[in-house]
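User: I'd like to go through this model with you, a few spots at a time. Can we start with the structure itself?

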Amino acid sequence: MENKSINITTVMEKIMKGVFWGCAAISIVAVLFIGGFILFNALPFFSHTSLWSFLTGKNWIPSGEIFGIYPMLVASFFATLGAVVIGVVVGISTAIVITSILPPAISSVISKIVDLLAGIPSVIYGFFGLMVIVPIIKLTGAPSGGLSLLAVIIILSFMILPTIIRMTEVSLKAIPKEYKEGAYALGATRLQYIFKVQLRAAKSGIIAGVMLAIGRALGETMAVMLVAGNSPVVPNSILSSVRTVTANIAMEMSYAPAGPHQQALFATGLVLFIIIMAINIGMQLIVKRMERN
């Protein structure tokens, strides 16, 4: 009986190993297929428009076959940067409060609320921004009636909060209790332990959460379209109407005719794909370096 149970366990281990390898292979193939599809449809565009003029051009006029995505790149950069700055400060602070300050009963309730935030569809965030955030910004005298870069930043910061909070919370809870006992034994206060020991020990997990948040902010479309104003111009202030890279693709792909216009949208997607891949690779290298240190 013992040999039979060992054989069954061995077979199950081999089966599950094959399943895991299969899932990993499917993921890799999917990424390669998506990248190849975008590349195949985008490359013809660069036969009549240089990459440099495409990236630095300040005008997007499809009817005149003028395609410059510089305004959308600037809008996406500042929207993501602002959202991540707010999300990191608020998210990490919230995770610290949940794991180290509040009683377990209250922290459990807040954790469940955070999970609910993660499950809200993006269009609901956008609708909330359109009905609540935009009218408030309008009161400041914004020239675009409240549809602005500021509205995009606020909505994106709400949307990335659950990711940052959850990843930070998990990382902080994974810190061995010996770290806390050792810090207190050396005379550290609670805040000294949190900021000088706990956060430093959990920084690789926190950075991973920030990386996921950056990807979420860069790739968000529907919520951004509802509050941005969607003007393809370089923003001159935080209250300016903007159009992000993803919104540009979503707005025009449905009616873009086959030819330079459609190819330009695929080229825009290719640029976004490369940016996100570069950010992910860069952040992974940073995390690995921190783990080695």
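User: Is Met 16 buried, exposed or partly exposed, and why?
Analyst: This is a predicted model, and in it Met 16 counts as partly exposed because its relative accessibility is 35%, which lies between the 20% under which a residue is called buried and the 50% over which it is called exposed.

User: Which helix is Met 16 found in?
Analyst: Met 16 belongs to helix H1, which covers residues 2–42.

User: And what does Met 16 form on the surface, and with which residues?
Analyst: Together with Ile 8, Val 11, Met 12, Ile 15, Val 19 and Phe 20, Met 16 makes up a nonpolar surface patch, and the accessible area of these residues taken together is about 640 Å².

User: Switching topic: how many aromatic pairs does the structure hold?
Analyst: There are nine aromatic pairs in the structure. One of them joins Phe 45 and Phe 46, whose ring centres are 5.4 Å apart and whose planes stand at 75°, so this pair is edge-to-face.

User: What about Phe 46 and Phe 54, how are those rings arranged?
Analyst: The ring centres of Phe 46 and Phe 54 lie 5.9 Å apart with the planes at 85°, so that pair is edge-to-face; the cut-off for that label is an angle over 60 degrees.

User: Which residues form the aromatic cluster?
Analyst: Phe 45, Phe 46 and Phe 54 form one aromatic cluster with Trp 60 and Phe 67.

User: What does His 261 touch, leaving out its sequence neighbours up to four places away?
Analyst: With those neighbours set aside, His 261 touches Trp 60 and Phe 67, and also Pro 62, Glu 252, Tyr 255 and Ala 256. Trp 60 and Phe 67 are members of the aromatic cluster.

User: Where does His 261 lie, and is it buried or exposed?
Analyst: His 261 lies in helix H12, which spans residues 260–292, and it counts as buried because its relative accessibility is 8%.

User: Last one: how is the protein divided into domains, and how many residues are in contact between them?
Analyst: The division gives domain 1 as residues 2–47 and domain 2 as residues 52–292. Their C-alpha centres are 29 Å apart, and ten residues of domain 1 are in contact with ten residues of domain 2.

Key
Residues numbered from 1 in each chain as written. Predicted model: local features only at pLDDT ≥ 70, side-chain atom pairs only at ≥ 80, totals over all residues. Heavy atoms only, no water. Patch = residues over 30% accessible without salt bridge, like charges linked within 9 Å, V, L, I, M, F, W, Y side chains within 5 Å. Areas by Shrake-Rupley, 256 points an atom, 1.4 Å probe, with all protein chains shown as cover. Salt bridge = Lys/Arg side-chain N within 4 Å of Asp/Glu carboxyl O. Helix = DSSP H or I, 4+ residues; strand = E, 2+ residues; numbered from the N terminus. Buried < 20%, exposed > 50% of the residue type's maximum accessible area, 1.4 Å probe, protein only. Contact = heavy atoms within 4.5 Å. Phe/Tyr/Trp six-rings, centres within 6.5 Å; stacked < 30°, edge-to-face > 60°. Domains from an automatic or database assignment.
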